[in-house]
Amino acid sequence: MKFINIPDNGSSWGAPLIYKMESESAERVDAEVTIIDEESGDTLHRKMLYGVTEAETDIAPYLRKAMNRKPYIPQRTGFVYAEGAMTVSVDAGGEKSEPRRVFRAAYDPSRAAMMTTQPQRRIIAAGEIDTVTLYATQMLTATVETGEGEQSTTAEIYFPTDATPCDFFLRAEDLPEGTERIAVTFHGDGELLGRIEYTVVEPATAGRRVMWYNRMGGLECYTYPLCRTIEAQAQVSVTRTAEGVTARLTGGGHRVRLTSAYETRQQYDALHEAMFSPHVWILAGDEPEELPLLTRRADYPEPQQLACLELEAEQRWEGGVR
């Protein structure tokens, strides 16, 4: 079998990834099709085609099944390869396709980019994490400037990308004590990609740090300063025996309402994208905890108005007698 059409580099496994192939003769043939993870060498899926002269297969469903959606959070400020980026190839009857790099969302592999929708002026609290997803074909650089009063320090972080989207994590706990402001300037392959300026604030005692994927496949973070429990539910299994009634807690949770600060339209629009993300997490320490959204609807304010966004979600019950 030979390939007559394969996906482009930078395609998304969230959309069809069609491989078209045909036999090199008019005779019908049987061919085994294998999907291969080029980085690990693992076989992701294998299937047989019987009596074909041409065929096509969509490998996206098999990649989605194999993909790790949960972000990896490093222990120090810096870059990591983004979860959801993968290099794959397809073997059909002994003929192997060219490898293709795919990602959560489609991107242009020929140019460096910053995959964020949030504004360049942000706030971060002590102990919090912020993240930005970026791409460059060869090298990403982050210049981290921290300041207290009139004093400032600068550090540079370099990361070879191997043409893979990467996540940059800023950990506020890594910064010098007393830091009041932070600025991170990003370059990709020598090109200026953007600069994010942070103001360091006190943690919100009732707040929750939320993480999600935006439409470009980039990771975003934001602290909702108010989290209020509005309902509690418990599932109890009741068993009646000759000795009496036994009740056992089988599950439960709290319905919570997350309320943002009053934000500009740009920030409001960025927060709005969490409703379209297949996964939303609460950041509690270094371990993202899945946050099932119960409402995925919000009104748009007038462009010139400050507005707050509310999300209702469910947090599982932890602890208690089972």
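Reply: Happy to, with the reminder that this is a predicted model. Let's begin with Ala163, which sits in the loop between S15 and S16. Its backbone deserves a look: phi is positive, about 55°, although Ala163 is not a glycine. Asp162 belongs to that loop too, which runs between strand S15 (151–160) and strand S16 (166–171). Asp162 likewise has a positive phi, near 55°, and is a residue other than glycine.

From the backbone we can turn to the charged side chains. Across the whole structure, a search finds 20 salt bridges. One of them joins Glu39 and Arg101, with N to O at 2.6 Å. Glu39 is in the loop between strand S4 (29–37) and strand S5 (43–52), while Arg101 is in strand S10 (residues 100–103), so this pair ties together parts that are 62 residues apart in sequence.

Another salt bridge joins the side chains of Glu128 and Arg209, N to O at 3.5 Å. This pair also links distant parts of the chain, 81 residues apart: Glu128 lies in the loop between strand S12 (121–125) and strand S13 (129–135), and Arg209 lies in strand S19 (residues 208–213). Here Glu128 and Arg209 are both buried.

For a pair of sequence neighbours, look at Glu180 and Arg181, whose closest N and O atoms are 4.0 Å apart in a salt bridge. Glu180 is partly exposed, with 41% relative accessible area, and Arg181 is partly exposed as well, at 34%. Salt bridges can also join into a network, as they do for Arg121, Glu145, Arg195 and Glu197.

What about covalent links between cysteines? The structure holds zero disulfides. Cys221 is in no disulfide, and the nearest cysteine sulfur, that of Cys227, is 16 Å away; a disulfide needs the two sulfur atoms within 2.5 Å, so this pair does not qualify. Cys221 counts as buried, at 3% relative accessibility. Cys227 is in no disulfide either, its nearest cysteine sulfur being that of Cys308, 14 Å away. With 14% relative accessibility, Cys227 counts as buried too.

Finally, the strand pairing. Three strands make up an open sheet in the order S1-S3-S6, with antiparallel pairing. Strand S1 (2–5) and strand S6 (54–58) stand at the edges with a single partner strand each, so one side of each has no neighbour in the sheet. On average, and with direction ignored, neighbouring strands in this sheet are turned by 35° against each other. If you follow the pairing of S1 with strand S3 (residues 18–22), you will find three bridges in the antiparallel sense. Within S3, Lys20 stands opposite Asn5.

Note on methods: Residues are numbered from 1 along each chain as its sequence is written. This is a predicted model: local features need pLDDT of at least 70, side-chain atom pairs count only at pLDDT 80 or more; totals for chains, interfaces and linings use all residues. Side-chain values use heavy atoms; hydrogens and water are left out. Helices (H or I, at least four residues) and strands (E, at least two) are DSSP runs, numbered from the N terminus. Buried means under 20% relative accessible area, exposed over 50%, partly exposed in between (1.4 Å probe, protein chains only). Two strands pair if DSSP finds at least two bridges between them. Axes are lines fitted to C-alpha atoms, for helices over the stretch in contact, and angles run from 0 to 180 degrees between N-to-C directions.
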